[in-house]
Amino acid sequence: MSVATPDTKKRTPAELARRKGGEPIVALTAYSTPMARALDGIADLLLVGDSLGMVVYGFESTLPVTLDMMIAHGAAAVRGAARACVIVDMPFGSYQESPAQAFKNAARIMAETGCAGIKLEGGEAMAETVRFLVERGIPVLSHIGLQPQSVNVIGGFRAQGRNEVEADRVMADAHAVAKAGAFAIVIEGTNEPVARRVTEAIPVPTIGIGASPACDGQILVTEDLLGLSDGHKPRFVKRYAELHQMIAAAAAAYAEDVRSRAFPGPEHCYGPSIIDRGPKPATSQRR
Ligand code: KIV
């Protein structure tokens, strides 16, 4: 009888890059230690995405997210991930100015979180920066197609690649960052023909979000697939649970128990109070 050995190998950017065209890469977001622990060993890649600005902090976009927020959440996720490759997003304004600015902030993220690499948005315009970082030891996950940090330029969260010009742009962006050394590329919000053309044309894995099954892997915001947010559900999200309703139902049951004094019950209480036990003993026991 053969006993299956659990796969305890730590995923690295280099290992994920070698998965091109092979077993699909499973990627999810994680912003905290408990979430990273729950997903570790299931997802190959955990992204501490700047989507946390909208998902955790309630911002309207990712633009207000700061480097300090990304470092705090990045370090928390790394503490919960023994096997997954943890990548931390560079927030808006922390890398666009120059390759030197990007290196300074990416090095801070790497040193202060212990993550395996960083992600940044941008194709051709960021290729020089990607090369600068990779040549100095920082693995880069690029992000092209719909780039949420450019929402004010593109005029909203709208899919990219719907006409020839846009499709060519996505293709040129993919070539540029792949050539610059990105170990993989997130493609967000594009259609199947564009995602397929890009995936077939470049030598590194593509990880899609709203970009069809043609990619080498998929990523979703974990809170979206868990149904933790009750707001708008994008078309590309598949819900695997309805945690928002479960939380509301659990909290309502607790509220009812508190109001009816059914909680706490005797099993949730400590032993008899020392006040009831007469004079205080020489060494008091508090628990
Ligand atoms: O910020 C994020 O979580 C992302 C993924 C959705 C790709 O960029």
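**Close-up views of a predicted model**

**Figure 1. Helix α8 at the second largest pocket.** Helix α8, residues 164-180, gives the largest share of the lining of the second largest pocket: 4 residues. The model shown here and in the other views is predicted. The volume of this second largest pocket is about 310 Å³. Its lining counts 19 residues, and E121, G122, G123, Q147 and S150 are the closest to the pocket centre. Sorted by class, the lining holds 8 polar, 6 nonpolar and 5 charged residues. How is such empty space found? A probe the size of a water molecule is rolled over the atoms, and this shows where space is left.

**Figure 2. The aromatic pair of Y57 and F59.** How many aromatic pairs does a search of the whole structure find? The search finds 2. Y57 and F59 form one of them, and this pair is stacked. The ring centres lie 5.9 Å apart. The angle between the planes is 10 degrees. The pair counts as stacked because its planes are under 30 degrees apart. Are these two residues buried, exposed or partly exposed? Y57 has a relative accessible area of 37%, so it is partly exposed. F59 is also partly exposed, at 27% relative accessibility. Buried would require a value under 20%, and exposed a value over 50%.

**Figure 3. R136 over the ring of F132.** Which residue lies over the face of F132? It is R136. The distance from R136 to the ring centre is 3.5 Å.

**Figure 4. E192 and P213.** E192 lies in helix α9, which covers residues 192-201. The relative accessible area of E192 is 29%, so this residue counts as partly exposed. Along the chain, E192 and P213 are 21 residues apart.

Figure 5. The domain assignment gives two ranges: domain 1 covers 13-241, and domain 2 covers 243-279. How many Å separate their centres? Taken over C-alpha atoms, the separation is 43 Å. The C-alpha trace of the chain spans about 85 × 55 × 40 Å along its principal axes. The chain contains 11 helices and 8 strands. Of its 287 residues, 47% are buried.

Key:
Residues numbered from 1 in each chain as written. Predicted model: local features only at pLDDT ≥ 70, side-chain atom pairs only at ≥ 80, totals over all residues. Heavy atoms only, no water. Domains from an automatic or database assignment. Phe/Tyr/Trp six-rings, centres within 6.5 Å; stacked < 30°, edge-to-face > 60°. Buried < 20%, exposed > 50% of the residue type's maximum accessible area, 1.4 Å probe, protein only. Lys NZ or Arg CZ within 6 Å of the ring centre and 35° of its normal. 1 Å grid on protein atoms, 1.4 Å probe; cavity = no way out; pocket = protein on both sides within 12 Å on 5 of 7 lines; lining within 4 Å. Points joined across faces, edges and corners; volume = space filled by probe spheres on them. Helix = DSSP H or I, 4+ residues; strand = E, 2+ residues; numbered from the N terminus. Nonpolar A, V, L, I, M, F, W, Y, C, P; charged D, E, K, R; others polar.
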